[in-house]
Amino acid sequence: MLTGAGISAESGLKTFRDNDGLWETHRVEDVATPEAFARDPALVQRFYNERRAALSDAAPNAAHKALGRLQGALRDRGGALVLVTQNVDDLHERGGARDVIHMHGELTGGLCAACGHRWTVDGALTPDSSCPACGTIGGPRPDIVWFGEMPYRMERIETELACADRFVSIGTSGAVYPAAGFVHAARAHGLQTLELNLEPSLGTPHFADARHGPAGTLVPEWAGEVLAGLS
Ligand code: OAD
């Protein structure tokens, strides 16, 4: 399963491409690239500090909770729901999901550009922050995969796609690779493919099935059908 910003929209977190190409009034290239960070680290740190702080005002919605429940039910029966998300929020975890693969990193993560150390950020990062491991001032950056950087855990994702029986994509525009290409790999491996999204996306033509509407409605419905099919 792959999720994107659309699954968190009903929790009040803004998607990337539904606001004239702006993310919380910023152009993506001004806040989500290594070049932007080199040019204006204070702006980029402030932007992610605000997103991190906003997490505590957001709560998981019915879609996150339905996936958490479905994952637990499948696990109890010896199965698995592998949850890969492009989202940097923690709403899947707070909705009850475990072992979430955050391919674009996490807002709660810090990464030292000098020594590679990773830690959980409590509060804000600034250009004057120092790395808790090596002490380098200015080393800390958000542990977010920016444009031009390699998404995390691609090998594991490719392995899971090769041995799953279905691939479901929820709340993503299909605009950003490599995630947008997972449906092609899924079809090549003979998986059933289903898109659940507010509206037809760039990826829709590649899915065998698609349902359109808000995730908070579609996901619990679909998860209920899967559960009913198990019992
Ligand atoms: P996008 O903003 O590109 O797409 C969000 C999708 O969710 C759109 O297709 C919307 O139609 C859909 N949507 C909106 N509200 C919804 C709802 N209530 N229920 C269901 N669907 C809804 O977000 P992503 O596809 O996640 O990368 O973007 C992919 C990546 O591009 C992000 O991870 C981020 C971004 O730039 C990085 O920051 C590296």
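1. Basis. The model is predicted, so local features need pLDDT of at least 70 and side-chain atom pairs count only at pLDDT 80 or more, while totals for chains, interfaces and linings use all residues. Residues are numbered from 1 along each chain as its sequence is written, and side-chain values use heavy atoms, with hydrogens and water left out.

2. Valine 168. This residue lies in strand β9, residues 166-170 (strands are DSSP runs of E, at least two residues, and helices are runs of H or I, at least four, numbered from the N terminus).

3. Neighbours of valine 168. Leaving aside residues up to four places away in sequence, valine 168 touches Met1, Leu2, Leu194, Leu196 and Trp222 (contact means heavy atoms within 4.5 Å). Methionine 1 is 167 residues away along the chain, yet its C-alpha atom and that of valine 168 are separated by 4.8 Å.

4. Salt bridges. The structure contains eight salt bridges (a side-chain nitrogen of Lys or Arg within 4 Å of a carboxyl oxygen of Asp or Glu). Some of them join Arg27, Glu29, Asp30 and Arg39 into a network.

5. Arginine 27 and its partners. Arginine 27 pairs with glutamate 29 at 3.5 Å, N to O. A salt bridge also links arginine 27 to aspartate 30, where the closest N and O atoms are 3.1 Å apart. Arginine 27 has a relative accessible area of 44%, so it is partly exposed. Glutamate 29, at 42% relative accessibility, is likewise partly exposed.

6. Aspartate 30 and arginine 39. Aspartate 30 also forms a salt bridge with arginine 39, with 4.0 Å between the closest N and O atoms. Aspartate 30 counts as partly exposed because its relative accessibility is 25%. Arginine 39 stands at 58% and so counts as exposed.

7. Helix α4. This helix covers residues 41-54, 14 residues in all, and reaches 20 Å from its first C-alpha to its last, close to the 20 Å expected at 1.5 Å a residue (the expected span is 1.5 Å times one less than the number of residues). Its buried residues are Leu43, Val44, Gln45, Phe47, Tyr48, Asn49, Arg51 and Arg52.

Note on methods:
Buried means under 20% relative accessible area, exposed over 50%, partly exposed in between (1.4 Å probe, protein chains only).
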